[in-house]
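Trainee: I would like to go through this model and ask how each label was reached.
Mentor: Go ahead, and keep the structure in view.

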Amino acid sequence: MHCLALISAVDPLLVDLTALALHGQDALVLTASLHAGGEEDFIRLTAAQVPMNGVDGKDGIVDRGAQAPPTLHVARTSECWTCSLREVLVAIAEDRARLEPDGATVVLLPPGIELIHLAPRLAEDLDDVPGAALAGLAHVIDVDTAARDLLTHQELPDSVVAGEGQCAGEVHMVALGYADVVVALGRDPVGLDLVEHLRPHDTLMLPGLEAPLLPELLALRHDADAAVARVHPATTRAWGGPADHGVWTLDLSASLPFHPGRLRELVADLAGYGLCARGCFWLPSRPGRVCAWEVAGGAVSVGDAGTWDEAPEWDPDGMPGGRAPDGGIGVAGPRCHLVVTGLGDAQMRERVRQAFGRVLLREDEMAQAMSWIGADDGLGDWFGS
């Protein structure tokens, strides 16, 4: 079986460092980059060291002389860069599986391409490619800058796929939950603890690039359903981690819905300052919808994440992957569940905890909850309706 492994990073420097660390490994290592603004948008794949055996060069191998690594240019095929890259990766996997059935290909993704948007559909497509499989996916993060990147607004480096002002913290937080392997560079103990709190405990964390990354990736087969469940608002969970350096995680849950008016009034208190948060809530005015809650990089995002029936299943122990037959609270059905991670500041932690309790509908208000259905809850600008 030919294995395709993917590695993501926000910082282009980390992409380069990872490529260097993979030098000499028994795999074809490709660095992907996106190029826009010329006569033709294209994706460039550059071989780090191994000749691009198995990649058909008739459509664009660029000859830069014997000393330069071979490159392949592929024209962008759709308006979506991620979709275009996915098509290229499937074609690479097909060729490589045919020419090196027992080999491996590692692709370092362009900064701005997110695993959550690329991998689930890619895994489906590779199911139809004979002899190819999607191996482990890794995300590389610098713990020396993790606290700054995750808790304050830092724009993504220039990327043709990044939205204007897109926050590096958003990308990191989802990638840390979705990836099969987290590679933590640097030494800052606070940043390391913060990453530990955001990393699911059923995934692997490697301390730097000196660790054997390639064997770990090739030993895995990516399970897209499990990875999506780890980051879906309705099934994310509080992983927790070391508290020696002031990092903490709150796990807030309730069966009662949020009061739309009080949510709008207390949103700043609930989001806090300098925190990360993720999870779901429900509203009496939108009882069938999973409302997503995310705080990263100093900004709060609220959105619609589909219906409760469509959400990944949730087992009694809070682990994605199974649903208890009783359907009790915390297992299935509408609920409010926010996971909040912060650094120091016990007063901020208590303010968030109190705000969560105040936003919930009171028991005496639940008797009138039905009157909210179909009514204007004043949150249409948040949900796009």
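Trainee: Which residues lie nearest the centre of the largest cavity, and how many line it?
Mentor: This is a predicted model, to begin with. Its largest cavity has a lining of 13 residues, and nearest the centre are Ser-8, Ile-113, Glu-114, Val-171 and Ala-175. The space inside comes to about 80 Å³.

Trainee: What makes this space a cavity, where another is called a pocket?
Mentor: A 1.4 Å probe fits in a cavity but cannot get out, whereas a pocket is an open set of points. The structure holds two cavities of 30 Å³ or more.

Trainee: Which elements give two or more residues to the lining of the largest cavity?
Mentor: They are strand S1 (2–9), helix H3 (115–126) and H5. H5 gives the most, with three residues. By class, the lining has nine nonpolar, three polar and one charged residues.

Trainee: Why is helix H5 described as largely enclosed?
Mentor: Buried means under 20% relative accessible area. In H5, residues 168–178, ten of the eleven residues are buried, so the rest of the structure largely encloses this helix. Among the buried ones are Val-171, His-172, Met-173 and Val-174.

Trainee: How do you know that Thr-82 counts as buried?
Mentor: Its relative accessibility is 12%, and the cut-off is under 20%. Thr-82 therefore counts as buried. Thr-82 sits in helix H2 (residues 81–99). Apart from neighbours within four places in sequence, Thr-82 is in contact with Ile-113, His-117 and Leu-118.

Trainee: What share of the chain is buried?
Mentor: Buried residues make up 52% of the 385 residues. The chain has twelve helices and 14 strands.

Trainee: What is the volume of the largest pocket, and which residues are closest to its centre?
Mentor: The volume is about 530 Å³. Of the 27 lining residues, Val-174, Val-231, Pro-233, Ala-292 and Glu-294 are closest to the centre. Elements giving two or more residues to this lining include H3, H5 and helix H8 (224–231). The lining divides into 13 nonpolar, eight polar and six charged residues.

Trainee: Why is H9 called roughly antiparallel to H10?
Mentor: Helix H9 (residues 260–271) and helix H10 (residues 346–359) pack at an angle of about 170 degrees, with axes 9 Å apart. Angles over 145 degrees count as roughly antiparallel. That angle therefore makes H9 roughly antiparallel to H10.

Trainee: Which residues meet where H9 packs on H10?
Mentor: From H9 they are Arg-262, Leu-263, Leu-266, Asp-269 and Leu-270, and from H10 Arg-351, Val-352, Ala-355, Phe-356, Arg-358 and Val-359. By class, this contact has seven nonpolar, no polar and four charged residues.

Trainee: How far apart are Met-1 and Pro-130, in sequence and in space?
Mentor: They are 129 residues apart in sequence and 8.6 Å apart in space, C-alpha to C-alpha. Met-1 lies in the segment before S1.

Trainee: What is Met-1 in contact with, leaving aside neighbours within four places in sequence?
Mentor: Contact requires heavy atoms within 4.5 Å. Met-1 is in contact with Pro-101, Asp-102, Gly-103, Gly-131, Ala-132 and Ala-133.

Trainee: What share of the chain's contacts between residues at least 6 apart joins residues at least 24 apart in sequence?
Mentor: The share is 73%.

Technical notes:
Residues numbered from 1 in each chain as written. Predicted model: local features only at pLDDT ≥ 70, side-chain atom pairs only at ≥ 80, totals over all residues. Heavy atoms only, no water. Buried < 20%, exposed > 50% of the residue type's maximum accessible area, 1.4 Å probe, protein only. Helix = DSSP H or I, 4+ residues; strand = E, 2+ residues; numbered from the N terminus. Axes fitted to C-alpha atoms, helices over the stretch in contact; angles between N-to-C directions. Parallel < 35°, antiparallel > 145°, perpendicular 65-115°, else oblique. Nonpolar A, V, L, I, M, F, W, Y, C, P; charged D, E, K, R; others polar. 1 Å grid on protein atoms, 1.4 Å probe; cavity = no way out; pocket = protein on both sides within 12 Å on 5 of 7 lines; lining within 4 Å. Points joined across faces, edges and corners; volume = space filled by probe spheres on them.
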